[in-house]
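This report is written for someone meeting the structure for the first time. Please look through the sequence and the 3D view before reading on.

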Amino acid sequence: PLRLAVMASGEGSNFEALVEACSEGRLQGDVVVLAVNREGCGAQRRAERLGIPCQVIDHRHQPSRQALDQALIALFRAHRVDLVVMAGWMRIVTPVLIDAFPGRLVNIHPSLLPSFRGADGVGDALAAGVTLAGCTAHLVSAEVDAGTILVQAAVPVLAGDDRQRLHARIQTQEHRILPLAVSLAAQRLAQG
Ligand code: GAR
């Protein structure tokens, strides 16, 4: 089984969805460690409940983005991680991390890329007035939200949607496609 690490900044619902997919056998892997950059975030509490090791690496205590990435690399090497999943990691990663895990870094983004890259994919889609929104799981490359697309799912934007309602609909799909994307990334690695 794959040894997976997850990076999260927020609620951690995608982290938990990955753990569930592993325990239900939909993903041949184990989440061996969670990294969070915010002490006390929802993801950390979920890790405690699920019995998964969690390391807080607070970006405010790091001198640079590169130093934050180095700390993550050290953590993942110590846990002999095969694949890393950014599940609501709200910091920009640098080539330091990307080059340490070539083809092994997966991100979930709440828009149908290449539309609405960046920090507020859901709000930007609403503001643009699109009637179809969604999510994208992709490999991470140096350009933000622009790596190879692995899996996407679309959802309708419904009358009366606000950011919260639309995001909830998108997240239901994220929880479904993220384990699929991790399996696909692992297949790509096996094929060289
Ligand atoms: C997810 O919807 C993810 O797509 C988004 O953060 C949310 C985290 O939810 N990521 C980004 O916006 C990345 N730019 P979660 O903590 O419940 O998994």
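## The model and its conventions

The structure is a predicted model, in which local features need pLDDT of at least 70 and side-chain atom pairs count only at pLDDT 80 or more, while totals for chains, interfaces and linings use all residues. Residues are numbered from 1 along each chain as its sequence is written, and side-chain values use heavy atoms, with hydrogens and water left out.

## Annotated positions and the pocket

The UniProt record, an unreviewed entry, places the feature "binding site" at Arg65, Met90, Arg91, Ile92, Val93 and Asn107; its positions are given in the numbering used here, feature names are shortened, and annotations may be inferred rather than shown by experiment. Of these residues, Met90, Arg91, Ile92, Val93 and Asn107 are included in the lining of the largest pocket. A pocket here is an open set of points on a 1 Å grid over the protein atoms alone, where a 1.4 Å probe fits and protein lies on both sides within 12 Å along at least five of seven lines, and lining residues have an atom within 4 Å of a point.

Val93 lies in the loop between β4 (83-86) and α4 (95-100), where helices (H or I, at least four residues) and strands (E, at least two) are DSSP runs numbered from the N terminus. With a relative accessibility of 11%, Val93 counts as buried; buried means under 20% relative accessible area, exposed means over 50%, and partly exposed is in between (1.4 Å probe, protein chains only). Leaving aside neighbours within four places in sequence, Val93 is in contact (heavy atoms within 4.5 Å) with Met7, Asp69, Met86, Ile98 and Val140.

Arg91 is placed in the loop between β4 and α4 and is partly exposed at 27%, whereas Arg65 belongs to helix α3 (residues 65-78) and is partly exposed at 39%. With neighbours within four places in sequence set aside, Arg65 touches Arg91, Ile92 and Thr94, and the contacts of Arg91 on that basis are Asn37, His59, Arg65 and Leu68.

## Helix α6

Helix α6 (residues 163-190) has 28 residues and reaches 39 Å from its first C-alpha to its last, close to the 40 Å expected, the expected span being 1.5 Å times one less than the number of residues. The helix bends by about 30° at Ile177, with a proline, Pro179, following within four residues; the bend is the angle between axes fitted to the seven residues ending at a residue and the seven starting there.

Both Ile177 and Pro179 are among the buried residues of α6, which also include Leu166, Ile170, Gln173 and Glu174. After α6 comes Gly192, whose phi is positive, near 75°.

## Salt bridges

Nine salt bridges are found in a search of the whole structure, each being a side-chain nitrogen of Lys or Arg within 4 Å of a carboxyl oxygen of Asp or Glu. One of them joins the side chains of Arg49 and Glu16 at 3.1 Å, N to O. Arg49 lies in helix α2 (residues 42-50) and Glu16 in helix α1 (residues 13-23), so the pair ties together parts that are 33 residues apart in sequence. Arg49 is exposed at 56%, while Glu16 is buried at 13%, and a network of salt bridges links Glu11, Glu16, Arg46 and Arg49.

Asp58 and Arg60 also meet through their side chains in a salt bridge (2.7 Å, N to O), with Asp58 buried at 10% and Arg60 exposed at 66%.
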